[in-house]
Amino acid sequence: MRQITKFTRIFGHLIAAAGLTSACTESASETATGPTCTQQAGTICTVAGTGTAGLGHDDLAPTEVLLYLPQDVTPSDDGKELYIADWNNHRIRLVENGKVKTLIGTGYLGDAPDGPALGTSLNHPTHIAFSPTGKLIVSAWHNSKVLEVDLTSNTLKAICGTGARSYGGDGGPADKAVLDLPVAVDYDSQGRMVISDQANQRIRRVEKDGTIDTIAGPAKDFVPDGFEKVTPEGAAPKLCKKPTDPAAPAPTDSRLADGSVNNACLPQSVFPQGFSGDGGPAKGAMMSQSFGQSAPPSGRLEIGPDDTIYFADTFNHRVRAIDAEGMIRTFAGSGPATFDATYAGGYEGDGGPAVSAKLKYPVDVAVSDSGKVFIADKENSCVRVVGTDGIIDTFAGVCGQRKFGGDGGAANAAFLNRPYGVALDGLGNLYIADTHNHRIRVVYGADN
């Protein structure tokens, strides 16, 4: 998640499958107005949310408002304004002048049509960024659109994605492209928009002329070893395992040696989930993000000062980096050298090289001006940090313990509950979307 001044200085089944619990079952053990917080380096405080999930009213103090599984927070440079993706309330909220107001969304599920920002209905927005021209950019995740919001007129329009959920449009205009769960965007030093196209297992880039292309992930016609492309009459292509008997024809489906139909087929646009490519070009590399109707958000990215793209390769339990020349490498996290869908990550390696450490479903990164990289290590319920020396440590939360506590004390002794988002302001303070605690928290002096 990116601070504003980078250039200037569905409910039930979706929630259950993602492990996102209902408002009735989660509350915090301390009040949001609990211990008095001082802005001392390393201290953690709640700055929005009460700890109870719900549809909160506007015009309340931020620590009195109800949030519902907030996914993202984007602070202004001075930290006085906070833009919050209130995920399960389908709204973008703004904390300003000590009060909370709704900036975008009716609070009801919808298709995110162009028009007045307060009159549109979103479907689980996941990320907020700002363009080089100062427009607010929303990753309207389950709408499969990227929205641009004019804060002067309070109107919005789709600038990437048609709303269909598939993969298509490379080489053409971004507003005609097809995305599948775009989870986050950021801008490089040339003003190009980079999109984490989550369910398509790709990172895509919109050039300044408005055309889109894939810069990380396999080509559309990719067919993995041992599979074949099958196009049933009148249906979309599938990738199916090759039959064990090459003599068994497969005009519409792959067939096994005994003649039975092989059901190990997946839609072509979804299939390329894997792990490969380190040390080579990102275009063609494989990553592993969640996909499908019940997928949880995964795979957010942020671009560093040198145009390196850092992204959470969530289901490979790694953070990977793509340099300005388009080469990809693992930055943090270890795991099998080849894709293993059964590998579940872990917690290990503090005090040692980040590339040897274990992460567990990391979902977001924040890059400081000094070169530190903060990682929302979601299933470990903590935030890790990688220094400029490549050494990893726990920065906030007690890894492996999922609860709430610790406001007013040291961040690395506090408790988090599956944080999905991290972001820095211009003063070096780190904001955390403490998602399952239904709060936004801050750690002062994180980049000191």
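In the predicted model, four strands form an open sheet in the order 1-28-27-26, and their pairing is antiparallel. Strand 1 (44–48) and strand 26 (421–424) lie at the edges, each pairing on one side only. Strands pair where DSSP finds at least two bridges between them. Strand 26 and strand 27 (residues 430–434) are joined in the antiparallel sense over four bridges. Within this pair, Val 422 stands opposite Ile 432 of strand 27. In general, the strands of a sheet pair through backbone hydrogen bonds, in either a parallel or an antiparallel manner.

The protein chain contains one helix and 28 strands, assigned as DSSP runs numbered from the N terminus (helices: H or I, at least four residues; strands: E, at least two). Of its 448 residues, 55% count as buried, where buried means under 20% relative accessible area, exposed over 50% and partly exposed in between (1.4 Å probe, protein chains only). The chain exposes about 16600 Å², of which carbon and sulfur atoms supply 52%. Accessible areas were computed by the Shrake-Rupley method with a 1.4 Å probe, and for residues only the protein chains shown count as cover.

Two serine residues in loops were examined. Ser 368 is located in the loop between strand 22 (362–367) and strand 23 (373–377). With a relative accessible area of 2%, Ser 368 is buried. Residues up to four places away in sequence aside, Ser 368 touches Pro 305, Phe 374, Leu 424 and Asp 447 (contact: heavy atoms within 4.5 Å). The side chain of Ser 368 also makes a polar contact of 3.0 Å with the side chain of Ser 370. A polar contact is a pair of N or O atoms within 3.5 Å; within protein, one must be able to donate a hydrogen and the other to accept it, and residues adjacent in sequence count only if both atoms are side-chain atoms.

Ser 153 occupies the loop between strand 9 (145–150) and strand 10 (155–160). This residue is partly exposed, because its relative accessible area is 40%. The side chains of Ser 153 and Thr 155 are joined by a polar contact of 2.7 Å. Ser 153 and Pro 116 are 37 residues apart along the chain, and their C-alpha atoms are separated by 8.2 Å.

Residues are numbered from 1 along each chain as its sequence is written, and side-chain values use heavy atoms, with hydrogens and water left out. As the model is predicted, local features need pLDDT of at least 70 and side-chain atom pairs count only at pLDDT 80 or more, whereas totals for chains, interfaces and linings use all residues.
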